[in-house]
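Student: I have a model open and would like to learn how to read it feature by feature. Could you take me through the ideas and then apply each of them here?

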Amino acid sequence: MDSHALLLVLSVLLALFNLTASTEFYVGGRNGWVVKPAESYNVWAERMRFQVNDKLAFEYKKGEDSVLLVTKEAYNTCNTSNPTINLSDGNSVFVLDQSGPFFFISGTPGHCAQGQKLVVVVMAVRKNPHSSPPSPAPAPAVGPPSPAPSGSHIPTPATSSAQVSAVSAFSFVMAALFIGGFLL
Ligand SMILES: *[C@@H]1O[C@H](CO)[C@@H](O)[C@H](O)[C@H]1NC(C)=O
Ligand SMILES: *[C@@H]1O[C@H](CO)[C@@H](O)[C@H](O)[C@H]1NC(C)=O
């Protein structure tokens, strides 16, 4: 294998790792999702760095509690009546699929008001990751970065997925080129 091929392989591996690396966070650690956690969920969340595609694992007794993804307003008022998502299987894994804030409250009456609530803010996708592989040809254009709306630094989901698809397509082509070269 010559050094050029080796470089290609490394690029592909790096790109794939970038796309698939994700962390699973156990909300509340050993306590899990409970009314009175040893440490406030939001104090815990502020210490963490959440990235797109990371996961939150909520553990609680099925039938006695649940996890509701709600709007900011419902979070602030502990309103359980109209959740965006209702997780109630006792071992709920939630994928943080975009940047920005996610609001969770307990679905059991009274629990949220006693502090069983969590805000997770997922970091914005970096525009120019340092680890992006060197490209032999111009990379597919993903369009100019749109200016953020005033008062917000959160990129639109459309921009994020376009970037991921471009990197993904690039990795795939590189992998195909390498495998092709290796077999011939
Ligand atoms: C809870 O939210 C719903 C809409 O999602 C609203 O109709 C209801 O009035 C709210 N309840 C309270 C107590 O604010
Ligand atoms: C969530 O789903 C469970 C199971 O379907 C249900 O019993 C519960 O009432 C739901 N909670 C809310 C707040 O919608």
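Student: What should I keep in mind about where the model and its numbering come from?

Tutor: This is a predicted model, in which local features need pLDDT of at least 70 and side-chain atom pairs count only at pLDDT 80 or more, while totals for chains, interfaces and linings use all residues. Residues are numbered from 1 along each chain as its sequence is written, and chains are lettered from A and ligands numbered from 1 in the order in which they are written.

Student: What is the mean pLDDT of the chain, and where does pLDDT stay under 50?

Tutor: pLDDT is the predictor's confidence in each residue, from 0 to 100. Here the chain has a mean of 77, with 59% of its residues at 70 or more. Over residues 134-170 the value stays under 50, and for that stretch the model has 32 contacts beyond four places in sequence; a contact is a pair of residues whose C-beta atoms, placed from the backbone, lie within 7 Å.

Student: How many helices and strands does the chain have, and how do its elements run?

Tutor: Helices (H or I, at least four residues) and strands (E, at least two) are DSSP runs, numbered from the N terminus. The chain has 4 helices and 7 strands, in the order α-β-α-β-β-α-β-β-β-β-α from the N terminus on. Of the contacts with a separation of 6 or more, 77% are made by residues 24 or more positions apart.

Student: Which strands are joined to strand 3 by bridges, and do they run parallel or antiparallel?

Tutor: Two strands pair if DSSP finds at least two bridges between them. Strand 3 is joined by 3 bridges to strand 4 (residues 85-87), running antiparallel, and by 4 bridges to strand 6, again antiparallel. On the strand 4 side, Val67 stands opposite Leu87, whereas Val70 has Phe103 of strand 6 as its bridge partner.

Student: Is Phe103 buried, exposed or partly exposed, and what is it in contact with?

Tutor: Phe103, in strand 6, is partly exposed because 19 other C-beta atoms lie within 10 Å. Beyond its neighbours within four places in sequence, Phe103 is in contact with Leu69, Val70, Thr71, Lys72, Tyr75 and Val119. The C-alpha atoms of Phe103 and Val70 are 5.6 Å apart, although 33 residues separate them along the chain.

Student: And is Tyr75 buried or exposed?

Tutor: Tyr75, which lies in helix 3, is buried, since it has 20 other C-beta atoms within 10 Å. Outside four places in sequence, its contacts are Val70, Phe103, Ile105, Lys117 and Val119.

Student: Which phi value is given for Cys78, and where does Cys78 lie?

Tutor: Most residues other than glycine have a negative phi. Cys78, however, has a positive phi of about 55°, and it is found in the loop between helix 3 (72-77) and strand 4. Asn53 likewise has a positive phi, near 85°, and its place is the loop between helix 2 (41-47) and strand 2.

Student: Which residues surround the two ligands?

Tutor: A residue is near a molecule if its C-beta atom, placed from the backbone, lies within 6 Å of it. Around ligand 1 are Thr77, Asn79, Ser81 and Asn82, while ligand 2 is surrounded by Ser66, Leu68, Thr80, Pro83, Asn86, Ser88 and Gly107.

Conventions:
Contact = placed C-beta atoms within 7 Å. Buried ≥ 20, exposed ≤ 12 C-beta atoms within 10 Å, placed from the backbone.
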